[in-house]
Amino acid sequence: MAPVVWLRSAVSVLGRFPALAGVTLDASPGEIVLVQGPNGAGKSTLLRACAGLVPVVRGEAIVLGIDLVADRLPVRREVAYVGHASGLYDEMTVADNVTFWSRAAGLSRDISAASVMASMAIAARLADVPVGKLSAGQKRRVSLALAMSRGSMLWLLDEPHAGLDADGRDLFDAAVRHAARELGVCVMLASHELERAESLADRTITLVGGTVHAAPAAENAPAPQVGAVEPQVTHVG
């Protein structure tokens with residue numbers, strides 16, 4: 001089975017600084033991979049590079065069959081990425097954010113606000129509330145729920161537990177396990193909450209100074225075939 005993420009000596013430069021200094025790793029369908037390391041190690045950059053948000057300037061990088069060195073833009077529509085910022089429009093309601101982002105993702109059909117909100121147990125009464133009036137935890141639930149509803153086979157999650165209460169964390173972890181085990185979704189997450197994240201992950205890689213210090217499990221895997229990716233719709237919850 002071809003890796004979802006296949007990197008070989010991948011380098012990403014932010015300004016003049018090599019945030020990724022030659023990363024080699026694989027991540028497979030149905031696998032949950034924890035990316036850990038000290039601040040500034042390159043964890044966020046790795047996830048952003050896989051999401052097509054940061055260029056890979058040297059080495060090889062194939063994600064979901066897309067060659068990121070040749071053209072990283074197409075992968076943005078194919079991955080589910082959640083960063084530190086919510087990615088939501090504060091002046092728009094929760095329901096309007098759902099409609100906007102589902103259409104922006106080019107989904108074949110609109111995703112209902114009710115189904116998205118149910119996946120992270122977001123109160124139905126919040127559908128018509130502007131996002132700017134939500135608490136930090138409520139915003140995080142909406143962001144995660146939207147990402148998980150995109151139908152992507154690769155979830156890239158940067159500090160996903162941040163801002164969530166205990167119930168929210170349990171819901172999120174259950175959704176991740178279901179997506180990986182039942183739907184074959186590959187999940188890569190970066191987290192400082194190691195005890196919880198390690199219990200969720202199948203494997204841990206450690207980044208230090210922009211390089212991998214804990215060897216990936218499938219380092220000798222051949223490069224996946226580069227080609228167009230057919231969207232696959234999955235449903236969580």
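**Gly52.** I started at Gly52, which sits in the loop between α1 (43–50) and β4 (58–63); helices (H or I, at least four residues) and strands (E, at least two) are DSSP runs, numbered from the N terminus. This is a predicted model, where local features need pLDDT of at least 70, side-chain atom pairs count only at pLDDT 80 or more, and totals for chains, interfaces and linings use all residues. Residues are numbered from 1 along each chain as its sequence is written, and side-chain values use heavy atoms, with hydrogens and water left out.

Is Gly52 buried or exposed? I find Gly52 buried, at 0% relative accessibility; buried means under 20% relative accessible area, exposed over 50%, partly exposed in between (1.4 Å probe, protein chains only). Setting aside neighbours within four places in sequence, I list Arg72, Val75 and Arg76 as its contacts, a contact being heavy atoms within 4.5 Å. I also looked up Leu68, 16 residues from Gly52 along the chain: their C-alpha atoms are 6.9 Å apart.

**Cysteines.** I searched the whole structure for disulfides and got zero; the cut-off is a pair of cysteine sulfur atoms within 2.5 Å. For Cys50, the nearest cysteine sulfur is that of Cys186, 8.9 Å away, and Cys50 is in no disulfide. Cys186 is likewise in no disulfide, with the sulfur of Cys50 as its nearest cysteine sulfur. I checked burial too: Cys50 is buried at 1% relative accessibility, and Cys186 is buried at 0%.

**His161.** Next I went to the loop between β7 (154–158) and α5 (166–183), where His161 is placed. His161 is buried, with a relative accessible area of 1%. Which side chain joins that of His161 in a polar contact? I find Asp173, at 2.7 Å; a polar contact is a pair of N or O atoms within 3.5 Å, where within protein one must be able to donate a hydrogen and the other to accept it, and residues adjacent in sequence count only if both atoms are side-chain atoms. Beyond four places in sequence, the contacts of His161 are Arg169, Phe172, Asp173, Ser191, Glu193 and Arg196.

**Positive phi.** As a reminder to myself, most residues other than glycine have a negative phi. Glu159 has a positive one, near 50 degrees, and lies in the loop between β7 and α5. Glu159 counts as buried, at 11% relative accessibility. My other entry is Leu64, with phi near 55 degrees, in the loop between β4 and β5 (66–67). Leu64 is buried too, with a relative accessible area of 15%.

**α4 and α5.** I then turned to how helix α4 (residues 136–148) packs with α5: the angle is about 10 degrees, and the axes are 12 Å apart. That makes α4 roughly parallel to α5, as angles under 35 degrees count as roughly parallel, over 145 as roughly antiparallel, 65 to 115 as roughly perpendicular and the rest as oblique. Axes are lines fitted to C-alpha atoms, for helices over the stretch in contact, and angles run from 0 to 180 degrees between N-to-C directions. From α4, I noted Arg141, Leu144 and Met148 meeting Asp167, Gly168, Leu171, Phe172 and Ala175 of α5.

**Whole chain.** Of the contacts between residues at least 6 apart in sequence, 72% join residues at least 24 apart.
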